Amino acid sequence: MRGLLGYSLGDAEGGPEATAAAVERLLVSNGLPVGGDPVDGAGRPGLPVTLLVEAGQAVVTMPQPVAQAAAPPEWLAAAVAARGYACLVLTTRAWPEGEPGRALDPAAPAAFAGAEETLTAAAHVVLPARRLRG
């Protein structure tokens, strides 16, 4: 199943190690344990992490930060429209090569996302996909 991957570039003051520690503190303080079992967002109504999908955009909101990205139509159809939820992997592992706008070998994102080091250094959460009411 396809999901969303959140990562840092490791470019904060103190480098990748300091960035990883800060990301881990952020995740844990929001109820997302790193390296633990997946969190079921549907079963935790107080979880301060949400996913809004609207107009081809996926918006993940936490008390800090908010991230928005264009979502591929096939992901929207498979993960959100068909199931009503998406898997979110938030890793503490930095990926400097994943800088927005930087050209990558097409296999690079899958290799990073599927690496054991990425997955074991991550919080995993299944989030219901919400839409704006209109």
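Helices (H or I, at least four residues) and strands (E, at least two) are DSSP runs, numbered from the N terminus. This is a predicted model, in which local features need pLDDT of at least 70 and side-chain atom pairs count only at pLDDT 80 or more, while totals for chains, interfaces and linings use all residues. Residues are numbered from 1 along each chain as its sequence is written, and side-chain values use heavy atoms, with hydrogens and water left out.

**Overall fold**

- The protein chain contains four helices and seven strands, which follow one another along the sequence as β-α-β-β-β-β-α-β-α-α-β.
- The C-alpha trace spans about 45 × 35 × 25 Å along its principal axes.
- Of the contacts (heavy atoms within 4.5 Å) between residues at least 6 apart in sequence, 66% join residues at least 24 apart.

**The largest pocket**

- A pocket is an open set of points on a 1 Å grid over the protein atoms alone, where a 1.4 Å probe fits and protein lies on both sides within 12 Å along at least five of seven lines; lining residues have an atom within 4 Å of a point.
- The largest pocket holds about 1400 Å³ of space, a volume being the space filled by probe spheres set on the points, which are joined across faces, edges and corners.
- Its lining has 44 residues, and Leu4, Leu5, Gly6, Tyr7 and Val89 lie nearest the centre.
- At least two lining residues come from each of several elements, including strand S1 (3-6), helix H1 (15-29), strand S6 (85-91) and helix H3 (108-114).

**Two residues in their surroundings**

- Leu26 lies in helix H1 and is partly exposed, with a relative accessible area of 26%, given that buried means under 20%, exposed over 50% and partly exposed in between (1.4 Å probe, protein chains only).
- Not counting residues up to four places away in sequence, Leu26 touches Met62, Gln64 and Pro65.
- Thr92, in the loop between S6 and H3, counts as buried at 9% relative accessibility.
- Leaving aside neighbours within four places in sequence, Thr92 is in contact with Ala20, Val23, Glu24, Leu27, Val34 and Ala121.
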